[in-house]
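Please open the model in your viewer and keep the selection tool at hand. The stops below are meant to be taken in order.

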Amino acid sequence: MKTNYKNYFVPWYLVLCPLVLGTFVGCEQQTAENTARLTVLLHAEGIDSISNIYLTAHDINMNKDYKDNTLSLTLPQGYYDLSLSATGDGQPIRAYKRGVALTEDCTVELKADFVTKGNAGFVLAEIFFAGTETPEGKRYVGDKYFVVFNNSADTLSADGLILVEADLNSVQKYNMDHDFRDKYFAVDAMYRIPGEGDTYRVAPGEAVLIADNAMDHTEANTNSFDLSTADFEWYDLSSSAGVTDVDNPEVTNLDKLYCYTYTIWVPHNQGHKSFGLARFPEGVTAEQYFATDSLYVPYNYELVTAAGTFSQSKKSYMIPNEWIVDAVNLAPSETFQWLTFSDRLDAGYTYVAPTGSDKTRFGKAVRRKTLGIMNGRRLLMDTNNSTDDFEAGVSADPFYFIY
Ligand SMILES: [Ca+2]
Ligand SMILES: [Ca+2]
Ligand SMILES: [Ca+2]
């Protein structure tokens, strides 16, 4: 059912006028003892009509959810995480706010994000970045992998999905001169599933395995896996004769769009870098993307270390947050410093070990939790909070979601 904004508590002119919204904080008198009325003021720029509103208030202390199809709820006083889904001009939109203290009647502002059509549905289901060790205790490389899962009820095309690595480091906080995270996800590697739109179709509940090297690693290391049946691998032409990649001609290579290194991409093995899936909007080519100056952004930052504070500057390729399909923050549990991209994409983080150098991390992965089996298909948990959504430090199994 399509409903115009005018029918809701929030007057339409407030929604259209960001200046008014910016200063609007409404806290009125309490309605009843121990309860308070929460009203959501949704910033949805450029949207003419909103329908299918679904507001969830999660009581953090009581671990209880309150849901409604309006923008207003009467709730017990407490601390809440709010999430809202709706349809805005026919497209899915989402909004989140965490840690809202509700002690009296209050209006809370939420900013709507578009979930671009075709982007909803794919999630990173398992990430294996730590690598393995041989039975002799030697480091083994080339067997890292990512499992991408269709968490929707529709068959989706994986063509054009881009696997990205975050440029910022989760254990090294920057004091940046302008914090772009609200708008952009800074990346240092971008590898894209090829295809012209309908080449690689993925059924609901099915997964795609992307390996560093799609080969039988157990031949060289019995602690590793046979990845020769992976759907894709990434292959880098290295500028160094001493560090080269292996290409299995039977397995399709990802299109390399960009990587910070001139040799081979090895996803950060201590879990200091986060990962995501992105997709360029329809009609945007890689050439256009790389020709867009506003998406290759210079910035200054202060790096605070034990040895002192250092002023630095750098430049990163930026993916607008609306182009992110899914993102997973990673950081060792004891050395986490900050979320390197917007908490609306992922409000938490997951890990395989307490510290980056912990040797118990080898052979371990992070795996998205299964909510249940629905109409015969597996449904994975995706609240955009990896602390909740993931099992940390599981024994890696590239085929867990495939068989
Ligand atoms: Ca490779
Ligand atoms: Ca290949
Ligand atoms: Ca997600």
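Predicted model: local features only at pLDDT ≥ 70, side-chain atom pairs only at ≥ 80, totals over all residues.

Residues are numbered from 1 along each chain as its sequence is written, and chains are lettered from A and ligands numbered from 1 in the order in which they are written.

Begin with the open sheet of seven strands, whose order is S21-S20-S19-S13-S10-S27-S30 and whose pairing is mixed; strands are DSSP runs of E with at least two residues, helices are runs of H or I with at least four, and both are numbered from the N terminus. Two strands pair if DSSP finds at least two bridges between them. At the edges, pairing on one side only, are S21 (252–253) and S30 (390–395). Select 232–233 to see S20, which runs parallel to S21 and is joined to it by two bridges, with Phe 232 opposite Thr 252.

Next, select Gly 348, in the loop between S26 (324–328) and S27 (364–368). The C-alpha atoms of Gly 348 and Asn 384 are separated by 7.7 Å, although the two residues are 36 residues apart along the chain.

Now move to Asn 384, which lies in the loop between S29 (377–380) and helix H4 (386–389) and has a positive phi of about 60 degrees although it is not a glycine.

Finish at Asn 52 in S3 (residues 50–59), where a non-glycine residue again has a positive phi, here about 50 degrees.
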